[in-house]
Amino acid sequence: MPFSFPSGTAWRHLPAATLLLTFVLAACGGGSDSGPEGAAPPPGSGVTANKPIVCKGYDGKDMLVKAKTITIRNNSEDQIYPVLATSSNKVNQWMQACLRTTEAFPTDAVYKLYVNDGQGIPPGSEVTITLPLYSDLSQGKYVTWWNGGRVLLADRNKRLRGDEDKPITTPGGVDCKGEGTACNLSTYTSPVQFQEDVFAQLSEYTFGDSIIPVGQDTRLLKPEQVGYNISYVDHVYMPVAIGVRGNPYIGYSGSARKLAEFRTALGDFLKPGGLGEGWPVYNMSELRLPGGYNIFAQRGGYLVEDPDVPVKPADGKNPPVLTVMKCINKEGECATPEAQRTMQWGQAVQNMQDLWGACVDWGSEDISQYTSKKYPQDCPAPQAMQEQLALVKDFFAENHKKYLALYDNKLCTGEPEGSGKLPAHVAEFKFWEAIKHIYGWVPFNEGCGSDANKLVGTKVHNRDHAYVQAMYIEELQYNYKQSAVQANSKLAFNPYVKLIHDDLDMSAYGFSVDDAVGFMSELGDGLVFTVGGTQGLENEKSFNYADGFSLNLGVPLVLVGHQNEPMIKKYGICSLNTDPVDPNCDKDKQDVIMPDNSQISGFRVGTLPSYPMRVRFTDMEDNVYTVLVKEKFAKCTGELKNCPSNRAAIVDKSACSVVTPQGAKHAKSFTWCDSANPNQARENDQAVVKNHLSFPDPVKYLP
């Protein structure tokens, strides 16, 4: 997922590249255990926990990068077993950015940190792991803890490690402290991540960003943000909530439900007669369900020999990755080994295949192995839905044409890599591969690289990507909310979305381009992961983009390109009538300190108790800005240029002020306040509409 700090509609329209530099994500790092404090660690010297690492900044001068933390809190009734893992990279862009070099610094191994290996952490306890930007392993070799990390939270100490995992000494700079438990770290290296049937919920994080500034040829580390998401788009197993450390104005993503309640909801989803009847489950002794893409992508997969799976064909052949509850419960037609291997989906998925088979024209292709329904006589969908399905199919067919053109022009390495050969399974546009790409919302680019043939560059029937994706999300993925679908479950485009958002009431990905809450990137010092409750989170409310907004300042022309020049010192938000001591929020409560070596021209007001609220921030001249936001942004239901419909009512301009350090109203206070501009926009190629409150440049730069 792309990482970017929310920009919105800026007062002064800057080039896209400038905006990218202005709004960034970031993180923090470890430190050196030799040489004078603040000096870069000599090769092989290691890194000491809680001491800043020295990187090179925008101007080539030393920049201190502090460590960030990951806290894991167990609010469940049982033991949990946390594991953190890094990613392997042919090119380590975070090291390149820190050292301002083009050297590759490849990492060919995954580093895994096991908390209290084999013992885990008990109910009511928590651990905090300190992660530097990197640990120095030896001459020219580093492990980067910030770039593409994973957090695995398991409730069984099974399948967490494989034969390929080898123990090593925990690298320097990594530390762990426990509350209500010990915190001992055991480190392993491995060529692979975790196996598919682990009893765990996977989450992902990235601290900081690595960018190439305009006019420079080496990467720059931007260490302010924390990026994160829970992989509910891939699978759902247990309730995990993720919140930001050091930013109380951002609610949590995921679920804070009790584990027993969560699993009851999973079971109810699968019951006969419900929308999820026959939805596949993983071949495990505890319920773990695949997402709407994996039900297709993982079909036909088989596990290595494992005696501890519920569906194990008696003929000794490998058990399937996916199965159905009938086979888990050993019911009916699941009695034979062949059925146990092949029954990997049921009625809910068959309904999805029938919808595509009966309502979309696939020409002369024989699709009888996927559906017995005939086009168009067996189509149960209303005309509008038929047209929507056809448009999505044609959109991906057009993307496939562009894909073939890449091979025709010899722009792809092919599969296997370097062969130049077009993979046979995608040589033609056919039903099965089309369905997988549609539910994954991914382009055809096999053998061409992940950045090739992006969907954003595809257009069909005079409809561009933004239009098709928005329709795909609002009219198809969320179609379970429509009365026609509620009356006829066979019209459900993706029942898994209802499971995630309604049955489990989660702010998380239900599909790959879900606009509810997906990958988050926020200003922060670290992350907090909880299982089974909100205790331990700084903000115990669930995050939703519709609830808040981003406040954005214009970037003065004299500061454009000066990425190390900060614009805001600190900020804070207060909901009126929530504090009995200060019901009118008259006290200055600016409690988030902005980085002093990076240009960030705004901040997110994410999750507050209620409206109205006072927003305060301080500029670099110590002027204090106060904005009274009276009400929530209305949902945009028309053209973006006309949104929000309640624009005039959002900001009380008469209660807005800019006060000098001496306590007097600034001479340009009225001009600045009167320019308040509530607006809504889509970022990049995303379908989600986000709220923005845009203002002009800081008062120092106003004419």
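Two strands count as paired here if DSSP finds at least two bridges between them. With that in mind, and remembering that this is a predicted model, let's go.

**Stop 1: the six-stranded sheet**

Select β11, β6, β3, β22, β16 and β17, in that order: these six strands make up an open sheet with mixed pairing. At its edges you'll find β11 (175–179) and β17 (253–254); each has a single partner strand, so one side of each is left without a neighbour in the sheet. Now zoom in on the β11 end. Strand β6 (residues 126–131) runs antiparallel to β11, and five bridges join the two. Which residue of β11 is the bridge partner of Glu126? Click on Glu179, and you have it.

**Stop 2: the whole protein**

Clear the selection and zoom out. There are 14 helices and 31 strands in the protein. Its radius of gyration is 26 Å, close to the 27 Å that the globule rule gives for 703 residues, so the protein is as compact as a globular protein of that length. Draw a box along the principal axes and the C-alpha atoms fill roughly 80 × 60 × 60 Å.

**Stop 3: α3 against α12**

Pick residues 259–269 for helix α3 and 495–503 for helix α12; they pack at an angle of about 150 degrees, their axes 11 Å apart. An angle over 145 degrees counts as roughly antiparallel, and that makes α3 roughly antiparallel to α12. The two cross in a right-handed sense. Show side chains next: Ala265, Leu266 and Phe269 from α3 meet Pro495, Tyr496, Leu499 and Asp503 from α12. By class, this contact has six nonpolar residues, no polar ones and one charged.

**Stop 4: α7 against α9**

Move on to helix α7 (residues 347–359) and helix α9 (residues 431–440), packed at about 115 degrees with axes 12 Å apart. That makes α7 roughly perpendicular to α9. Here, too, you can look at the handedness: α7 passes α9 in a right-handed crossing. On the α7 side, select Met352, Gln353, Trp356 and Gly357; they meet Phe431, Trp432, Ile435, Ile438 and Tyr439 of α9. Seven residues of this contact are nonpolar, two are polar and none is charged.

**Stop 5: the four-stranded sheet**

Colour β26, β23, β31 and β30, which line up in that order as an open sheet of mixed pairing. The edge strands, pairing on one side only, are β26 (602–605) and β30 (677–682). From one strand to the next, the twist averages 30 degrees. Focus on β30 and β31 (residues 689–694): they pair in the antiparallel sense over six bridges. One to click on is Gln680, whose bridge partner in β31 is Asn691.

**Stop 6**

Most residues other than glycine have a negative phi, and most peptide bonds are trans. Now for some exceptions. Where does Arg159 lie? Look in the loop between β9 (149–154) and β10 (166–168); phi of Arg159 is near 60 degrees, a positive value in a residue other than glycine. Next, select Tyr611 and Pro612, joined by a cis peptide bond with omega about 0 degrees. Pro612 sits in the loop between β26 and β27 (613–619). Last, go to Cys643 and Pro644, where the peptide bond is cis too, with omega near 0 degrees. Pro644 is in the loop between β28 (624–629) and α13 (647–650).

Conventions:
Residues are numbered from 1 along each chain as its sequence is written. This is a predicted model: local features need pLDDT of at least 70, side-chain atom pairs count only at pLDDT 80 or more; totals for chains, interfaces and linings use all residues. Side-chain values use heavy atoms; hydrogens and water are left out. Axes are lines fitted to C-alpha atoms, for helices over the stretch in contact, and angles run from 0 to 180 degrees between N-to-C directions. Angles under 35 degrees count as roughly parallel, over 145 as roughly antiparallel, 65 to 115 as roughly perpendicular and the rest as oblique. A crossing is left-handed if the near helix is turned anticlockwise from the far one by less than a right angle, and right-handed if clockwise. Contact means heavy atoms within 4.5 Å. Ala, Val, Leu, Ile, Met, Phe, Trp, Tyr, Cys and Pro count as nonpolar, Asp, Glu, Lys and Arg as charged, and the others, Gly among them, as polar. The radius of gyration is taken over C-alpha atoms; the globule rule is 2.2 Å times the number of residues to the power 0.38.
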